[in-house]
Amino acid sequence: MAGSDTTTPRKLGLGNLKRPPRKPRTLRQHLIRRLLVVIPASLLMVVLMKSGWIDFAADRMTFDKLSWFDNTKLVEHLRILVRHDGLTDEPAHCLMFIVNGDDPPNATRIDVMAKHVGNCPNPNGEFPKLFTVKVDKAERLLFTDAGTPGNFRPMPQ
C-alpha cells in the first residue's frame, strides 16, 4: 500500500471543538443589522453635505493646473473657496461672479456680488458688490480685497 495515502489532511481552526449549526437569521435581525449600518452612514453623508466638505473635497480632486485658464472652472473653484474661507455668509447659489474680460491673464479681476432675488436672503432685486478677487492665472495665485476695498491681500487656497 505504498501508493495510497490514508491520512486525512489536518483541518485548521478550532480542532476537535464542534459547533452546533447556526440558526438562520430572522427577517427582524436582518433588518436591524442593515439599519445599524445604513442610518449612521446616511446621517454622516447629510452632515458632510450640509457642512460643505463634500463640495470642498470634490473641488480639491478635480481642480488642476489647467483649470486656472478655464473661467467656468475657476468661478466654481472660487465659489467653494469663498464660502469655505468665510469671506461671505451668503449661500453659494446666491453668489454671482463677474469676470472682467479686458484684464491680462496675470491680473484678472472677478467681482463677487450677492444676488438678492428669488429664494436668496433679502429678495429685493439688488445685486450688491461684496468684494473683488484678483487672479494671477500664470502663477496660480489669488488675492482678495474682502473687508478692505482696494487693498488686496493673498487669499488662502
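The legends below describe close-up views of a predicted model.

View 1. The protein chain has 157 residues, and buried residues make up 23% of them. When contacts between residues at least 6 apart in sequence are considered, 36% of these contacts join residues at least 24 apart.

**View 2. The contact of helix H2 with helix H3.** Helix H2 covers residues 53-62 and helix H3 covers residues 71-84, and their axes come within 10 Å and cross at roughly 135°. The two helices H2 and H3 are therefore oblique to each other, and H2 passes H3 in a left-handed crossing. On the H2 side the contact is made by Trp-53, Asp-55, Phe-56 and Asp-59, which meet His-77, Ile-80, Leu-81 and His-84 in H3. Sorted by class, the residues in this contact of H2 with H3 are 4 nonpolar, 2 polar and 2 charged.

**View 3. The disulfide between Cys-94 and Cys-120.** A search of the whole structure finds 1 disulfide, and this disulfide joins Cys-94 to Cys-120, with a distance of 2.0 Å from S to S. The torsion about the S-S bond of Cys-94 and Cys-120 is about -105°, so the disulfide is left-handed. The pair links distant parts of the chain, 26 residues apart, for Cys-94 is in the loop between H3 and strand S1 (95-99), whereas Cys-120 is in the loop between strand S2 (108-114) and strand S3 (129-136). Buried residues are those under 20% relative accessible area; Cys-94, at 0% relative accessibility, therefore counts as buried, and Cys-120, at 6% relative accessibility, counts as buried too.

**View 4. Lys-115 and the residues that it touches.** Lys-115 lies in the loop between S2 and S3, and at 26% relative accessibility this residue counts as partly exposed. Leaving aside residues up to four places away in sequence, Lys-115 touches His-93, Cys-94, Leu-95, Met-96, Cys-120, Glu-126 and Phe-127. Among these residues touched by Lys-115 are Cys-94 and Cys-120, the two cysteines that the disulfide joins. From C-alpha to C-alpha, Lys-115 and Lys-129 are 9.3 Å apart in space, while in sequence they are 14 residues apart.

View 5. Val-99 lies in strand S1 and is partly exposed, with a relative accessible area of 30%. Residues touched by Val-99, not counting those up to four places away in sequence, are Asn-71, Val-75, Thr-108, Arg-109 and Ile-110. Val-99 and Asp-111 are 12 residues apart in sequence, and the C-alpha to C-alpha separation of these two residues is 6.6 Å in space.

**View 6. The backbone at Arg-140.** Arg-140 lies in the loop between S3 and strand S4 (141-144), and this residue has a positive phi of about 55° although it is not a glycine. With 33% relative accessibility, Arg-140 counts as partly exposed.

Conventions. Residues are numbered from 1 along each chain as its sequence is written. This is a predicted model: local features need pLDDT of at least 70, side-chain atom pairs count only at pLDDT 80 or more; totals for chains, interfaces and linings use all residues. Side-chain values use heavy atoms; hydrogens and water are left out. Axes are lines fitted to C-alpha atoms, for helices over the stretch in contact, and angles run from 0 to 180 degrees between N-to-C directions. Helices (H or I, at least four residues) and strands (E, at least two) are DSSP runs, numbered from the N terminus. Angles under 35 degrees count as roughly parallel, over 145 as roughly antiparallel, 65 to 115 as roughly perpendicular and the rest as oblique. A crossing is left-handed if the near helix is turned anticlockwise from the far one by less than a right angle, and right-handed if clockwise. Contact means heavy atoms within 4.5 Å. Ala, Val, Leu, Ile, Met, Phe, Trp, Tyr, Cys and Pro count as nonpolar, Asp, Glu, Lys and Arg as charged, and the others, Gly among them, as polar. A disulfide is a pair of cysteine sulfur atoms within 2.5 Å. Buried means under 20% relative accessible area, exposed over 50%, partly exposed in between (1.4 Å probe, protein chains only).
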